[in-house]
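Have the model open beside you, and we will go through it by question and answer.

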Amino acid sequence: MPWAEMATLLERQAEIQSPAYMQAAAWLGELVPVAGVRRVLDVGSGPGVLTALLAEAFPAAEVVAVDGTPELLEMSRARAEARGLGARVSTLHAELPEAIAELGEADVIWAGNSLHHIGDQGAALAAFSELLRPGGLMVLVEGGLPARHLPWNIGVGRPGLEARIDAVVADWFGEMRTSLRDSKDEVDDYRALLAGAGLTPSGTRSFLVDVPAPVPPVVRETVVATFARQREGLAERLAEDDVKVLDRLLDPADPMSLHRRTDLFHLAARTVHTARKG
């Protein structure tokens with residue numbers, strides 16, 4: 001996965017979802033004593049948007065951004081410095097799952113949409129469990145609902161374009177999972193996976209990301225970038241007529257394009273699974 005090439009898109013997507021993640025971080029404060037959290041690992045930190053939010057949610061903690069892409073870690077450092085968090089935020093370049101044991105102990109481990117990039121998720125969770133201090137919290141952001149940006153009937157092509165894109169992405173996701181080293185065919189029952197790692201499930205909640213039409217320019221730009229990446233990566237899997245519709249949606253001169261539509265929105269849900277050690 002060319003994560004460095006996706007850096008700007010990843011950052012904007014995380015920023016748009018920040019209100020939901022802030023709610024999730026506040027919920028974590030109800031599950032563990034905030035003042036007692038001294039070290040937080042943000043596993044698969046990407047550009048560091050969540051790293052900064054976690055540092056703000058746990059003001060007594062050192063927060064470590066853990067990622068395998070140096071360019072994204074540099075963005076994490078810059079974001080932390082810009083928000084006055086540089087003294088408490090550090091970065092760690094690590095390839096997972098091999099380097100899990102080297103991450104050090106933590107009171108909270110946040111793995112946001114990163115566990116599914118590890119072949120044997122159960123083994124990885126067991127390794128993370130070893131890092132948690134007594135009473136510590138494991139947090140997984142996995143699942144939820146795919147983002148929606150357009151109505152079912154967009155006035156061009158067959159209705160239901162995004163549902164068909166979702167189906168293609170689901171096929172791709174399955175192939176990605178199968179191709180991972182040590183890939184294990186596991187049911188995505190994260191409560192059971194957490195319990196299997198010796199942790200005690202402490203609750204699952206979903207948080208809504210809702211930006212209704214008309215969207216601000218930054219959301220419109222992010223949606224355009226998202227569809228452009230889908231057009232680039234999925235064209236061979238999509239039906240020819242859907243590819244043609246994507247071309248129209250991405251053409252700034254087309255009156256039906258994403259650049260001009262007044263019905264564009266952003267709606268998604270992020271699901272957070274938690275479990276405690278001891």
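Q: What makes Val169, Trp172 and Phe173 a nonpolar surface patch?
A: A patch takes residues with over 30% relative accessible area and no salt bridge, joining nonpolar side chains (Val, Leu, Ile, Met, Phe, Trp, Tyr) within 5 Å and like charges within 9 Å. Val169, Trp172 and Phe173 make such a patch, of about 210 Å². Areas come from the Shrake-Rupley method with a 1.4 Å probe, and for residues only the protein chains shown count as cover.

A quick note on the source: this is a predicted model, where local features need pLDDT of at least 70 and side-chain atom pairs count only at pLDDT 80 or more, while totals for chains, interfaces and linings use all residues. Residues are numbered from 1 along each chain as its sequence is written, and side-chain values use heavy atoms, leaving out hydrogens and water.

Q: Why is Trp172 called partly exposed?
A: Buried means under 20% relative accessible area, exposed means over 50%, and partly exposed lies in between (1.4 Å probe, protein chains only). Trp172 has 31%, so it is partly exposed. Trp172 sits in helix α6, residues 161–179; helices (H or I, at least four residues) and strands (E, at least two) are DSSP runs, numbered from the N terminus.

Q: How do you know that strand β1 is largely enclosed?
A: Five of the five residues of β1 (residues 39–43) are buried, so the rest of the structure largely encloses this strand. Arg39, Leu41 and Val43 are buried on one side, and Val40 and Asp42 on the other.

Q: Why do we say that β1 pairs with β4?
A: Two strands pair if DSSP finds at least two bridges between them. β1 and β4 (residues 106–112) have four bridges, in the parallel sense. In one of them, Val40 is partnered by Val108 of β4.

Q: Are Asp242 and Arg158 buried or partly exposed?
A: Asp242, at 2% relative accessible area, is buried. Arg158, at 38%, counts as partly exposed.

Terms used. Salt bridge = Lys/Arg side-chain N within 4 Å of Asp/Glu carboxyl O.
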